[in-house]
Amino acid sequence: MPDQEFRVGGALALWNDDVIVQHSRGTILVLDEEKGLIKTDLAVPENGLEAYIRLAADKYPDQIAKDYAVRYNDLEFIDSPAFRGFLSSYTFIDVENECYRSRISKLDIPRSVTSIYDLTASAGDWEIIYDSSPCLEFNDTRELLVGYMAGGRLAFKEPNIVYLGNGEYHREGLYRPDSGIQSDDSDYGKTIEINLTTGQSRHYSKGHRNLQGVALDSQGRLWTTEHGMRGGDELNLIVDQENYGWPLENLGTLYSGIPAPTEGRVGRHEIYRGPVYAWLPSAAVSSLALVEGFHETWDGDLLIGSLRERTLFRARIKDDQIVFLETIPIGQRIRDVMQVGPKKLALWLDTEEVVILETEPRVDPLTDLVIRLTEKGMAADMAETARDVLTGCNECHSYEENVHGAGPSLHNVAGRRIASTAFANYSTSLRGTTGVWDAQSLTTYLTDPEVFAPGTAMAGLGVGNPEIASAVAAAFEELYAPVEYE
């Protein structure tokens with residue numbers, strides 16, 4: 001994968017109605033839907049990056065030390081009796097001791113401050129609440145550290161618990177020395193439970209690789225998304241003190257395609273706790289969010305971003321299993337997803353843009369069509385027949401723009417060039433037909449498609465009656481015509 005695809009990261013947070021973005025370099029911005037992303041007056045905690053780059057240039061000139069590998073991984077705004085403020089998760093480099101670790105710092109916000117626009121903070125205002133242990137030494141070949149495999153996502157559970165998905169920094173014992181994934185003396189490859197009141201932390205689960213999403217569902221259960229190696233990305237239901245097997249067992253392979261060393265049968269994952277779902281091939285799953293109060297058809301589902309597939313997945317969970325996994329194409333690498341309102345979602349993309357998705361009521365385009373046709377002079381019985389024909393067309397064709405089914409979308413078909421949409425399965429005969437769909441061509445085609453375009457997939461599916469076909473053609477012309485109201 002090209003280096004530039006690792007340059008980005010970052011996270012979303014929500015404070016009241018404000019969508020907050022923390023860039024992977026740490027800059028904290030707020031979204032103004034008219035002006036775009038605006039830089040806030042919040043400095044982030046120091047991560048040691050500048051000193052690290054200088055050290056690497058002086059002492060390790062033959063190794064890779066990219067600044068984009070050292071990231072701010074997640075940002076959470078919490079407003080609870082135990083704590084009110086921001087939590088920032090990031091990779092911290094201890095330059096003096098030439099090692100690095102995962103760190104969480106908090107920024108307390110007085111309850112009198114109700115808007116991020118009224119808040120100012122310096123790097124020194126943040127307080128460290130968690131450091132992973134041990135501090136990992138620099139790698140002795142290639143990249144000094146692999147920060148894009150730090151994981152680092154956070155989830156908050158009332159009243160005072162935070163869960164951290166702590167990755168293993170690509171130190172799994174296969175390509176680099178093991179960071180202690182299966183060891184109880186190491187915090188890497190673990191989910192970590194942290195008590196904000198006492199500051200105490202403990203391992204909640206182990207045997208993880210690169211945890212990219214951490215979220216709690218409506219029952220308070222912990223879920224994670226995790227990158228596999230070459231195949232085997234995972235959605236996991238995290239159970240306290242369970243072992244999820246990495247690197248001893250997994251559903252992927254080495255990057256060469258050769259099966260990875262495993263304690264069980266290759267490709268089975270039957271010794272350690274297995275995933276609820278695994279992506280083969282990898283989708284490069286990223287963030288994870290619960291949806292509640294968004295839409296009755298989605299509420300309770302989990303949303304999962306993806307990088308490689310550039311899609312949003314919607315997972316329906318029942319009895320700890322996936323009922324379905326819907327793929328929603330977005331077309332860009334999704335770094336974070338969050339519900340930010342009763343009917344609103346926000347996506348943070350690797351293009352460094354925030355996209356807001358909102359629900360809209362679906363309107364049946366055939367509603368009031370009979371009235372409109374009769375007002376134009378069509379007999380009521382013929383108008384009803386035309387509507388019934390269009391209802392039947394809806395079995396294979398949608399009336400939504402750019403939404404294709406077994407046939408192309410019929411949105412604004414009247415006046416459109418023949419076979420001109422992005423629908424992939426036009427017949428050769430239709431592709432070779434010139435002209436536009438007007439009243440005459442529509443009437444001819446609907447009367448007998450095979451006569452109009454021999455070899456069309458619509459052969460035998462015409463209405464047969466030219467009068468009815470003419471009425472349907474008129475209905476198509478009226479379907480998306482603007483309605484004038486007095």
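Gly 9, Gly 10, Arg 71, Tyr 72, Asn 73, Gly 147, Tyr 148, Ala 150, Gly 151, Arg 153, Gln 212 and Arg 335 line the largest cavity. The model is predicted: local features need pLDDT of at least 70 and side-chain atom pairs count only at pLDDT 80 or more, while totals for chains, interfaces and linings use all residues. Residues are numbered from 1 along each chain as its sequence is written, and side-chain values use heavy atoms, with hydrogens and water left out.

**Cavities**

- A cavity is a set of points, on a 1 Å grid over the protein atoms alone, where a 1.4 Å probe fits but cannot get out; lining residues have an atom within 4 Å of a point.
- Grid points are joined across faces, edges and corners, and a volume is the space filled by probe spheres set on the points.
- The structure contains three cavities of 30 Å³ or more, and the largest has a volume of about 100 Å³.
- Strand S6 (72-79) and strand S12 (151-157) are the elements that give two or more residues to the lining of the largest cavity; helices (H or I, at least four residues) and strands (E, at least two) are DSSP runs, numbered from the N terminus.
- The lining of the largest cavity comprises three nonpolar, six polar and three charged residues, where Ala, Val, Leu, Ile, Met, Phe, Trp, Tyr, Cys and Pro count as nonpolar, Asp, Glu, Lys and Arg as charged, and the others, Gly among them, as polar.
- The second largest cavity holds about 80 Å³ of space.
- A total of 16 residues line the second largest cavity, and Glu 226, Gly 232, Glu 234, Trp 246 and Asn 250 lie nearest its centre.
- By class, the lining of the second largest cavity has four nonpolar, eight polar and four charged residues.

**Cysteines**

- A disulfide is a covalent bond between the sulfur atoms of two cysteines; here the term is applied to a pair of cysteine sulfur atoms within 2.5 Å.
- One disulfide is found in the whole structure, and it joins Cys 99 to Cys 135 with an S to S distance of 2.1 Å.
- The link of Cys 99 and Cys 135 is right-handed, with 95 degrees about the S-S bond.
- Cys 99 counts as buried at 7% relative accessibility; buried means under 20% relative accessible area, exposed over 50%, and partly exposed in between (1.4 Å probe, protein chains only).
- The sulfur of Cys 393 is 8.8 Å from the closest cysteine sulfur, in Cys 396, which is too far for a bond.
- Cys 393 counts as buried at 19% relative accessibility, whereas Cys 396 counts as partly exposed at 39%.

**Nonpolar cores**

- In soluble globular proteins, nonpolar side chains tend to be buried together.
- A nonpolar core is a set of buried Ala, Val, Leu, Ile, Met, Phe, Trp, Tyr and Cys residues joined through side-chain atoms within 4.5 Å.
- The largest nonpolar core has 31 residues, and Leu 390, Leu 430 and Phe 476 have the most contacts inside it.
- Helix H2 (369-375), helix H3 (380-393), helix H5 and helix H7 (466-479) each supply at least two residues of this core, and the largest share, seven residues, comes from H7.
- Another core lies apart from it, with 20 residues, among them Ile 28, Val 30, Val 113 and Ala 121.

**Individual residues**

- Leu 107 is in strand S8 and is buried, with a relative accessible area of 3%.
- Leaving aside neighbours within four places in sequence, the contacts of Leu 107 include Leu 42, Phe 83, Leu 119, Ala 121 and Trp 126; contact means heavy atoms within 4.5 Å.
- Leu 237 belongs to strand S18 (residues 233-238) and is buried at a relative accessible area of 7%.
- The C-alpha atoms of Leu 237 and Glu 34 are separated by 39 Å, and the two residues are 203 residues apart along the chain.
- Thr 447 is in helix H5 (residues 439-447) and is buried, with a relative accessible area of 19%.

Methods. 1 Å grid on protein atoms, 1.4 Å probe; cavity = no way out; pocket = protein on both sides within 12 Å on 5 of 7 lines; lining within 4 Å.
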